[in-house]
There are 2 protein chains.
Amino acid sequence: MAQELRSGDHADVRFVLAAGSTDTASIDGISAAGASPDVMAHTPSADAEILEYGRPVRAPVVPVSPSGCPTPAVVTRAVRERLDFPATVVDAGLAADTAAPTVNVGASPGDDVRAADPVPTAPTAFEAARELGRSLPEDLFVAETIPGGTTTALGVFAALGEGDAVSSSLPANPLSRKRDVVAGGLEASDLSRGDAAGDPVEAVRRMGDPVLATVAGLAVGALDDGRDVTLAGGSQMLAAAALVRHAGADGPLGIATTSFVAADESVDVRAQAAALDLDLTVTDPRFDRTDHVAMQRYEAGEAKEGVGMGGALALADRADLSMTAVRAQVVDVYDRLLGEE
Amino acid sequence: MAQELRSGDHADVRFVLAAGSTDTASIDGISAAGASPDVMAHTPSADAEILEYGRPVRAPVVPVSPSGCPTPAVVTRAVRERLDFPATVVDAGLAADTAAPTVNVGASPGDDVRAADPVPTAPTAFEAARELGRSLPEDLFVAETIPGGTTTALGVFAALGEGDAVSSSLPANPLSRKRDVVAGGLEASDLSRGDAAGDPVEAVRRMGDPVLATVAGLAVGALDDGRDVTLAGGSQMLAAAALVRHAGADGPLGIATTSFVAADESVDVRAQAAALDLDLTVTDPRFDRTDHVAMQRYEAGEAKEGVGMGGALALADRADLSMTAVRAQVVDVYDRLLGEE
């Protein structure tokens, strides 16, 4: 387990965050990523700034759910402050300005998945991300931040004819609501379940979001180049993995998620990962050992994942950084962001 | 001297690279930053990628002068590989695509300084950069990459009524050529020497480039916020410092440059720094102690500075990283980039 993140002077692993948006998040009852739609538009931009600078810079908010659960960016940043892994943010369709440096792949914000063509930039973003993934020198951990993303993940599953369940950032998963939305999306796109099998770009364009297009492109490109790729996240990364497999990339692909996703009874992550031939890593930060507000809400089943939290925890484990140290650093970051309130 | 770059888990210093372009670089005989105008357009994009990834990713070239002098990005990256300081690239008017993540400040590529209004985005970029500088949590080392930048630096000096000499990336400084260009620029802008004194945004808009507007904004903002600012570079950073002073910011401002700039007989960096009340740091990487091709050309007076090389060397010195170790790492980076040729 005592694997180092760096060999010699160069990083072996780069953490790449695809940050973007979809109007699907505005549908009532879909997402917990931000207290209101106005605030939610800034969530991915704020997450990127927290990852990069340890606090929002241009973003006017710290993303916190209505019940007080802080964005998982806090956890990912906490691990990064201890391990110093290199991180790169890709603009996968940001709706609000960010001061985080971003790589352009030509992605625009996604429309509501119930539109006929919600992600017209998917082909461009997939291709540019593939080229980027092919060119980056390190193994990749690929993460996402996009409110509403589990609904578009369900949409991609439907288009590809894969699983029919996803996790949620809410403790009570509004899965039937999401299925209704996806049914509306299929109808608007004139698709039946599985119609886009083997055509991942079409699937993500008609039923997904620009983040999934970008994540899938990055993964396919890095696999092409013989790099190891770990998708850092939950249901959205399972959808990204399905896109990768439907693109014909059958190389070794990992998924690293949190114990909170693994404990979600509305999905069987282990079965889904096995079906896609993914090497699954589940890491438990043992938030039950603290009663700090920053971690309590996760124990209550909120948020669960995002901004590569499960991947960051896996990197911590790999580098022999204890979860006790991770939790202490989470408190540090949280207090910096929200301690005044 | 044994100052640490990090206190506790947070970096104290962020390295910010303003990367951009000006058509002034296309004037015959002005710049050594790239073998031909076609290649030169990619130099800042490639420099940003080398800083971020250790090699070009989207950029089709490694910037090397006609005589074989590699871009100073090689030296800055080498130091970064040893010290792991956080770095952020600002798009200060890039003319070519880059895979490096960049912060947007609304800058566009600059026109030839002999145009009437070569940098119409200067006010926007200055303001956005000031806001960014004010918001970033660390002390800043601010660097630049822009071919042709010493000529626009001379233009800014003229508009402000400051010094009338700048250094060069060429061993034989084409200073009279630059003065002719600046005279043409003043005429086109209907300005006389010193007409823009006290109006730095006007000076950089009419006679400068988008990188200088961005660097000056970053510095003014960070000084406003009580942060330490070190301008990492030579003549261009003296021009940026003049803009900062003409903006009324009289806080403690440093400049960190190389021994190659300090040895340039065409300018008196010490006198210029003193006139602007700058704390000057000159660092000598002792490239005379090696005959590696990556460093020989610097000893011959080429390149001299750029991509914050002098600032990176100062950070190395501050962290007690020996110049022997720096030179060894420069060879590593160089061989990775150009070893095959």
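1. Rings of Phe, Tyr and Trp (its six-membered ring) pair if their centres lie within 6.5 Å; planes under 30 degrees apart are stacked, over 60 edge-to-face, and the rest tilted. One tilted pair is Phe260(A) with Phe287(A), at 5.8 Å centre to centre and 35 degrees between the planes.

2. Where do Phe260(A) and Phe287(A) lie? Phe260(A) is in helix α10 (residues 259-262) of chain A, and Phe287(A) is in the loop between β9 (278-283) and α12 (293-299) of chain A, so the pair ties together parts 27 residues apart in sequence. Helices (H or I, at least four residues) and strands (E, at least two) are DSSP runs, numbered from the N terminus.

3. Basis of the values. This is a predicted model: local features need pLDDT of at least 70, side-chain atom pairs count only at pLDDT 80 or more, and totals for chains, interfaces and linings use all residues. Residues are numbered from 1 along each chain as its sequence is written, chains are lettered from A and ligands numbered from 1 in the order in which they are written, and side-chain values use heavy atoms, with hydrogens and water left out.

4. Phe260(A) and Phe287(A) are both buried. Buried means under 20% relative accessible area, exposed over 50%, partly exposed in between (1.4 Å probe, protein chains only). Phe260(A) comes out at 9%.

5. Phe260(A) also pairs with Tyr298(A): the ring centres are 5.8 Å apart and the planes at 45 degrees, so this pair is tilted. Tyr298(A) lies in helix α12 of chain A and Phe260(A) in helix α10, so the pair ties together parts 38 residues apart in sequence. Tyr298(A) is buried, at 1% relative accessible area. Ring pairs link Phe260(A), Phe287(A) and Tyr298(A) into a cluster.

6. How are the two copies related? Chain A can be laid on chain B by a turn of 180 degrees and a shift of 0.0 Å along the axis, with an RMSD of 0.0 Å. The copies are thus related as by a two-fold rotation axis. The same surface serves both: 100% of the contact residues of chain A recur in chain B. Superposition is by least squares on the C-alpha atoms of residues with pLDDT of at least 70 in both copies. Contact means heavy atoms within 4.5 Å.

7. Gly311(B) is in helix α13 (residues 309-318) of chain B. Gly311(B) is buried, at 0% relative accessibility. Not counting residues up to four places away in sequence, Gly311(B) touches Phe141(B), Ala232(B) and Ala256(B). Gly311(B) and Leu170(B) are 141 residues apart in sequence and 20 Å apart in space, C-alpha to C-alpha.
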